[in-house]
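Colleague: Could you walk me through this one? I would like to start with the sheet and then look at a couple of residues.

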Amino acid sequence: MSKQALKVKINELADNKVVVDIEVPADRCKSSYEAAIARMGSSIRLPGFRPGKVPKPVIIQQIGITRIKASALEKLIDQVWKEAIAQESIEPVSEAQLKEELQSLVDRFNPNENVSFTLETEVSPAKKKG
């Protein structure tokens, strides 16, 4: 699977902080969502189903769409943040902070559409452009 390039926009703030807007293509969202279902499905134990063989609709019913979306987003954000750091040569010196509540991101997350979110982090002053 070829990875589409992320759309990344960086805005510099005072005190060596940067705000990074990242847009993730829909196909990446979909694969993260499917991977979350597979991960959670492999750990679910239900009578009448062999481990790892629970059908997707049953997994969604048992676990709940919100938990699946949250799990997919957490992995996706972590992956694309690492890619954005490499792609844009960002050198963070602190943990990146999501600029909105994860729950509101989960609420608007649709695995069939692009998703965008904003992270803020502190960068090394020597590496700041300007």
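This is a predicted model: local features need pLDDT of at least 70, side-chain atom pairs count only at pLDDT 80 or more; totals for chains, interfaces and linings use all residues.

Colleague: OK, in what order do the four strands of the open sheet come?

Modeller: The order is β1-β2-β4-β3, with antiparallel pairing; strands are DSSP runs of E of at least two residues and helices are runs of H or I of at least four, numbered from the N terminus, and two strands pair if DSSP finds at least two bridges between them.

Colleague: And which strands stand at the edges?

Modeller: Those are β1 and β3 (97-98), and each has a single partner strand, so one side of each is left without a neighbour in the sheet.

Colleague: How many bridges join β1 and β2?

Modeller: Six bridges join β1 (residues 7-12) to β2 (residues 17-24) in the antiparallel sense, and among the paired residues are Lys9 and its partner Asp21 in β2. The two strands form a hairpin with four residues between them, and Asp15 in the turn has a positive phi of about 60°.

Colleague: What about β2 with β4?

Modeller: β2 and β4 (residues 115-122) are also antiparallel, over eight bridges; in β4, Glu122 is the bridge partner of Lys17 and Phe117 that of Ile22.

Colleague: Switching to Thr121, is it buried or exposed?

Modeller: Thr121, which is found in strand β4, counts as buried because its relative accessibility is 2%, where buried means under 20% relative accessible area, exposed over 50% and partly exposed in between, with a 1.4 Å probe and protein chains only.

Colleague: Which residues does Thr121 touch?

Modeller: Not counting residues up to four places away in sequence, Thr121 touches Asn16, Lys17, Val18, Trp81, Pro92, Ser94, Glu95 and Ala96, contact meaning heavy atoms within 4.5 Å. A polar atom of the Thr121 side chain lies 2.9 Å from the backbone oxygen of Ser94.

Colleague: Last one, where does Pro111 lie?

Modeller: Pro111 lies in the loop between α4 (102-108) and β4, and is buried with a relative accessible area of 11%. Leaving out residues up to four places away in sequence, Pro111 touches Ala26, Cys29, Lys30 and Tyr33.

Colleague: How far apart are Pro111 and Pro25?

Modeller: They are 86 residues apart in sequence and 9.7 Å apart in space, C-alpha to C-alpha.

Definitions and conventions: Residues are numbered from 1 along each chain as its sequence is written. Side-chain values use heavy atoms; hydrogens and water are left out. A polar contact is a pair of N or O atoms within 3.5 Å; within protein, one must be able to donate a hydrogen and the other to accept it, and residues adjacent in sequence count only if both atoms are side-chain atoms.
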